[in-house]
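Hi,

Here is the structure I said I would pass on. Have a look at it first, and then read on for what turned up.

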Amino acid sequence: MAEENNGKTYRFDVCDDCKSTCCQDAKPPLTKNRQKIIQAYLEKQKIEITQPFTCEQYSYPSVDEHLYCRLLNKTTKKCLVHPVKPETCRAGPITFDINFKTRKLEFFLKKEKICALSGVLHKNPELFKNHFEAAKPEIINLVEELSANELRAIVKIEEPDTFKVDEVDLSIDVIKKLGLT
């Protein structure tokens, strides 16, 4: 499957031992295309999840009563749709923001105190480079596919304990979509 995450954007050896709860109250944004991919994967794998997606100001995987993602297997602590998981999950612990004044898409790395993988990436420039090269197009694709209203809602969400690692110019299409021309 072309959409499969082939291991470039995760490290289960780090994540398995982690005590953080990145799958709790995260609400990663989903494009319509990613929803279709996840739904097809769930059907192919015969995984039944009632109402896998929620849409408020933007679409995201539904959460349970404790705000855990419904796509998380609580027993194994692994994502049920790992090969096709949301772009920001694939990119994590890289996150993003949009600077409307400079018309830049900014990339941030979460700090080690909230993500063990961040610490590993921060301490190993080669691992960080490889991860970031895989994460960056995931985020760019997400930003290009989401609507202006969805993007504006997402960038209002505070992302504490991060630091900026890179930025790129927004594409002309995103600039137009956001009315920044």
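Let me start with the cysteines. The sulfur of Cys69 has its closest cysteine sulfur in Cys23, and at 6.2 Å that is too far for a bond. A pair would have to come within 2.5 Å to count as a disulfide, and a search of the whole structure finds zero of them. Keep in mind that this is a predicted model. As for where the cysteines sit, Cys69 is buried at 14% relative accessibility, and Cys115 is buried too, with a relative accessible area of 16%.

Next, the sheet. Three strands make up an open sheet in the order β5-β6-β7, with antiparallel pairing. Its edge strands are β5 and β7 (162-169), each of which pairs on one side only. On average, neighbouring strands here are turned by 30° against each other, if you ignore direction.

The β5 and β6 pair is worth a look in the viewer. These two strands pair in the antiparallel sense over six bridges.

What does α5 bring to the packing? The largest nonpolar core has 29 residues, and Val143 and Leu170 are those with the most contacts inside it. The elements that give two or more residues to this core are β5, β6, α4 (116-123), α5, α6 (148-155) and α7 (172-177). Of these, α5 gives the most, with six residues. To see how Val143 is placed, leave aside its neighbours within four places in sequence: Val143 is then in contact with Phe96, Ile98, Leu105, Leu151, Leu170, Val174 and Lys177. There is also a second, separate core of eleven residues, which includes Leu30, Tyr41, Val81 and Val84.

Now the aromatics. The count comes to three aromatic pairs. One of them is Phe107 with Phe132, an edge-to-face pair at 5.3 Å centre to centre with 85° between the planes. Phe107 lies in strand β6 (residues 104-110) and Phe132 in helix α5 (residues 125-145), so this pair ties together parts that are 25 residues apart in sequence. Both Phe107 and Phe132 are buried. Phe128 and Phe132 have ring centres 5.6 Å apart and planes at 10°, so that pair is stacked. Phe128 and Phe132 are both in helix α5, four residues apart, which is about one turn of the helix. On the accessibility side, Phe128 counts as buried at 18%, and Phe132 counts as buried at 9%. Taken together, Phe107, Phe128 and Phe132 form one aromatic cluster.

Most residues other than glycine have a negative phi, and most peptide bonds are trans. Against that background, which spots would you want to click on?

- The peptide bond from Gly92 to Pro93 is cis, with omega near 10°. You will find Pro93 in the loop between α3 (87-91) and β5 (94-99).
- Lys46 is not a glycine, yet has a positive phi of about 60°. Lys46 is in the loop between α2 (32-44) and β1 (53-55), and is exposed, with a relative accessible area of 74%.
- Leu67 is not a glycine either, and has a positive phi of about 70°. Leu67 is placed in the loop between β2 (59-61) and β3 (72-73), and counts as partly exposed at 35% relative accessibility.

Cheers

Conventions: Residues numbered from 1 in each chain as written. Predicted model: local features only at pLDDT ≥ 70, side-chain atom pairs only at ≥ 80, totals over all residues. Heavy atoms only, no water. Buried < 20%, exposed > 50% of the residue type's maximum accessible area, 1.4 Å probe, protein only. Phe/Tyr/Trp six-rings, centres within 6.5 Å; stacked < 30°, edge-to-face > 60°. Pairing = 2+ DSSP bridges. Axes fitted to C-alpha atoms, helices over the stretch in contact; angles between N-to-C directions. Core = buried A, V, L, I, M, F, W, Y, C linked by side-chain atoms within 4.5 Å. Contact = heavy atoms within 4.5 Å.
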